[in-house]
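Here's a quick briefing on a few local features worth a look. Have the sequence and the model open as you read.

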Amino acid sequence: MIDAHIHLGKDYVFDGRDVTEEEILEKIDSLNLDGCVVYPANSNISLEVERENNNRVLEFAKNYPSKVYPVCQLNPNYEYEQYYDEVSKYKELGCKGISVNIEIFGWDAHSHHGKTVFDVASKLELPLFITTGIGLPLGQPIRMYELCKDYTDVKVVLVHATKSYIGDQCKTLADVCPNVYLETSIGPNMRSLKGLVNRYGSKRIIMGSALPELMEHSIYSFEYSGLSEEDIENATKNTILEVLNVKGDK
């Protein structure tokens with residue numbers, strides 16, 4: 001199993017969150033996970049802090065290449081050249097995807113910054129992990145409809161896709177855009193989880209937890225939701241490896 005959503009470092013937005021490398025490794029070992037997709041801690045302070053956070057994740061992945069899949073996160077409102085240069089640099093260092101947090105950065109998919117993010121992801125052949133929901137009206141998943149339809153080559157993972165009121169919009173987007181995947185952190189009950197797999201197939205569902213203390217709950221939900229062994233294997237490992245363009249075990 002791979003947990004597809006864990007943040008590393010001190011969170012500058014949500015008080016009290018400060019996750020260390022040792023804590024993540026301990027969870028991986030104690031829960032018998034194959035690894036984690038690791039995001040930088042949330043920050044909207046400065047480009048300098050973003051670079052420090054992203055470099056910390058990349059260093060973690062370099063030291064534990066068989067357990068850590070790094071995703072970069074930076075302000076999606078930078079202009080095109082700067083955004084491209086930053087993401088390109090992280091890809092060269094081993095980054096496997098781009099995180100876009102609508103709530104933290106006030107990213108508007110309908111602005112030119114929306115197209116920038118998708119165009120850069122397309123050119124660099126990286127998936128997008130887009131955190132939806134909070135921060136209305138910008139956080140509404142349906143606002144990304146045109147971009148998801150225009151950039152069919154970009155794999156779009158909707159983070160917290162089953163959270164609260166946004167679940168229906170995420171499902172609507174996934175209904176019409178086969179390049180959209182649903183990540184279940186802070187997620188559904190087991191009956192709803194099974195319903196998502198029945199509706200989209202396990203190759204479009206991704207297990208994530210967002211916080212170390214929620215990892216056991218996420219694993220339990222998949223193991224006891226009545227899914228087949230094949231569906232569990234896909235949703236908890238194979239799908240995220242495919243999205244990250246990682247061929248099998250590292």
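A polar contact here is a pair of N or O atoms within 3.5 Å; within protein, one must be able to donate a hydrogen and the other to accept it, and residues adjacent in sequence count only if both atoms are side-chain atoms. The model is predicted, so local features need pLDDT of at least 70 and side-chain atom pairs count only at pLDDT 80 or more, while totals for chains, interfaces and linings use all residues. Residues are numbered from 1 along each chain as its sequence is written, and side-chain values use heavy atoms, with hydrogens and water left out.

**E50**
- The backbone nitrogen of N75 sits 3.2 Å from a polar atom of the E50 side chain.
- E50 is part of helix α2 (helices are DSSP runs of H or I, at least four residues, numbered from the N terminus).

**Helix α8**
- L193, L196, V197 and Y200 are buried in α8, residues 190–200.
- They cover an arc of only 95° around the axis, so they lie on the same side of α8 (the arc is that of the directions from the helix axis to the C-beta atoms).
- R191 and N198, on the other side, are exposed (over 50%).
- N189 caps the N-terminal end, with a side-chain oxygen 3.2 Å from the backbone nitrogen of R191.
- G201 follows α8 and has a positive phi, near 85°.

Technical notes: Helices (H or I, at least four residues) and strands (E, at least two) are DSSP runs, numbered from the N terminus. Buried means under 20% relative accessible area, exposed over 50%, partly exposed in between (1.4 Å probe, protein chains only).
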